[in-house]
Amino acid sequence: MTRIHHLSRGTMCPFGGRLWDGFSPLFSSAKIVCHCLLIETDAGLVLVDTGFGLADVRNPQRLSTFFRLANRVQLREAETARRQIEAKGFAAADVRHIILTHLDFDHAGGIADFPGATVHVLDIELAAATKRGSALDRRRYRPMQWEGSVDWQTYTADGERWFGFRCVRDLVGLPPEILIVPLAGHTAGHCGIAARTADGWLLHAGDAYFYRGELHLQEYHCTPMLRFYQRLMATDNTMRLNNQARLRQLKTTHGRLVRLFCAHDAKELDMFPPQPAETVPAPAERLAEPV
Ligand SMILES: [Zn+2]
């Protein structure tokens, strides 16, 4: 039986409370999580996003000073994916694959903590992160987080259909229950990661949206600071808003079959208690293939 663990790796606690997260006291710090997935498969452990890594904890200067201070990034070794996975009884070498929604500093920091893993990412994202063509890109993309001999596996943002979205289905070395769903806008090659479970699908939407209220079917809304932050960080804001609207549509039409969550909303993470784990069904139990 395959299990899916929901991890929060590394948090950010900017001042302003509910102006960011919608629930913390106004004159306290907000709670912004980094929601990652650890999927047990026949191909080994698969980590979806890595949060901050051990080297970020040891050397915070790997991150841009601006984002480290503005977001009040909390760097604690016990919160790294490496240490959390070890606490579950696994070894770092058990992680055979890492799939990244994108290469921002708060998603890619732990790549080096799993040297045996293949890292799956869209080709345009790796190209943008390598080029670092703007002042924003030089702050958000931190190549020291993936320097060394990373085993990259890149894909073009196209492929088969999945609930009206394009998806990349045949990820090298991974079971077909795990898909890349391109959702550009936040960055050039940003994507969601879909995984099929016994109850339907999970879609880790990464930073395609930041606040649970943005997917409300009626009167969708966002907190002022997260609205500002998303606009600031958008590589293509029109595409970002279009993809957010498509995710709302997906929730409207298939909300029972696809459970959506983003990377940074603490309340959404709370929807997934640690146990029992989500399960991926045996082949005979699989749902009919969606169109
Ligand atoms: Zn992020």
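Mentor: Let's start with the whole chain. With 291 residues, a compact globule would have a radius of gyration near 19 Å, and the chain's 18 Å agrees with that; the radius is taken over C-alpha atoms, and the rule is 2.2 Å times the number of residues to the power 0.38. Keep in mind that this is a predicted model: local features need pLDDT of at least 70, side-chain atom pairs count only at pLDDT 80 or more, and totals for chains, interfaces and linings use all residues. Side-chain values use heavy atoms, with hydrogens and water left out, and residues are numbered from 1 along each chain as its sequence is written.

The chain has 10 helices and 15 strands (DSSP runs numbered from the N terminus: H or I of at least four residues for helices, E of at least two for strands). Of its 291 residues, 55% count as buried, meaning under 20% relative accessible area with a 1.4 Å probe, protein chains only.

Now your core. The largest nonpolar core has 24 residues, and Leu47, Ile85, Leu103 and Phe114 have the most contacts inside it. Such a core is a set of buried Ala, Val, Leu, Ile, Met, Phe, Trp, Tyr and Cys residues joined through side-chain atoms within 4.5 Å. At least two residues each come from β3 (35–41), β4 (44–48), α4 (81–87), β6 (95–99), β7 (118–122) and α6 (123–131), and α6 gives the most, with three.

Zoom in on Phe114: leaving out residues up to four places away in sequence, Phe114 touches Leu47, Ala81, Arg82, Ile85, Ala92, Val95 and Ile98 (contact means heavy atoms within 4.5 Å).

Definitions and conventions:
Buried < 20%, exposed > 50% of the residue type's maximum accessible area, 1.4 Å probe, protein only.
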